[in-house]
Each structure stands twice: as C-alpha cells, then as structure tokens.
Amino acid sequence: MPKHEFSVDMTCGGCAEAVSRVLSKLGGVEFNIDLPSKKVSIDSEHSVDTLLATLNKTGKAVSYVGPK
C-alpha cells in the first residue's frame, strides 16, 4: 500500500481525535498521527486528493508533504 505524509495543523489531542475520526470513517486506511510534529502518515490505496479532501473535513490547515 502506498504511504503518504501530510502536515495537519493539530494543536491538541482533540485535533488528533478529529483526524482519527475522519480517516476511520473513510476506511481502507492505516494511519499514524504524530501530534508534536503535526504530521499524519497514511497507508492507503486512496488517491492523495481523496486523502486531502478527507483531512480537510477536520477544518484544520492540511498540506501534502509527499510519499513516505
């Protein structure tokens, strides 16, 4: 499965929980949230655009860092 890294403007555990919630709803993903560095690593067959759109549902600033 391709692995992608995103930068997400998370400032607290609640932010990380919001990211976890939207990714879990999407399904077909394995992810790791690194709150101190504000990074989310995602293993998924979904396109980068789909993953970005899903992360944007949190209302946080999101950017694609690149393949991991």
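The legends below accompany close-up views of a predicted model.

**View 1. Four strands line up in an open sheet.** Let's start with the sheet itself, whose four strands follow the order S2-S3-S1-S4 and pair in an antiparallel way. Which strands stand at the edges? They are S2 (29-34) and S4 (62-67); each has a single partner strand, so one side of each is left without a neighbour in the sheet. As you step from one strand to the next, the twist averages 25 degrees.

View 2. Glu30 has Asp43 in S3 as its bridge partner, and Asp34 stands opposite Lys39 in S3. Between the two strands of this hairpin are four residues.

View 3. Helix H1 (residues 13-26) lies across strands S1 (3-8), S2 and S3. How does H1 run relative to S2? The angle between them is about 175 degrees. Helix H2 (residues 48-56) also packs on the sheet, where it touches S1, S2, S3 and S4. The direction of H2 makes about 30 degrees with that of S1.

**View 4. Phe6 and Tyr64 bring two aromatic rings together.** How many aromatic pairs does a search of the whole structure find? The search finds one. This pair, formed by Phe6 and Tyr64, is tilted, with 5.1 Å from centre to centre and 50 degrees between the planes. The partners come from distant parts of the chain: Phe6 belongs to strand S1 and Tyr64 to strand S4, 58 residues apart. Are these residues buried or exposed? Phe6 has a relative accessible area of 0%, so it is buried. Tyr64 has 32% relative accessibility and therefore counts as partly exposed.

View 5. In an unreviewed entry, UniProt places the feature "domain: HMA" at residues 1-63. What share of this span is helix, and what share is strand? The span is 37% helix and 32% strand, and its end C-alpha atoms lie 20 Å apart.

Definitions and conventions: Residues are numbered from 1 along each chain as its sequence is written. This is a predicted model: local features need pLDDT of at least 70, side-chain atom pairs count only at pLDDT 80 or more; totals for chains, interfaces and linings use all residues. Side-chain values use heavy atoms; hydrogens and water are left out. Two strands pair if DSSP finds at least two bridges between them. Axes are lines fitted to C-alpha atoms, for helices over the stretch in contact, and angles run from 0 to 180 degrees between N-to-C directions. Contact means heavy atoms within 4.5 Å. UniProt positions are given in the numbering used here, feature names are shortened, and annotations may be inferred rather than shown by experiment. Rings of Phe, Tyr and Trp (its six-membered ring) pair if their centres lie within 6.5 Å; planes under 30 degrees apart count as stacked, over 60 as edge-to-face and the rest as tilted. Buried means under 20% relative accessible area, exposed over 50%, partly exposed in between (1.4 Å probe, protein chains only).
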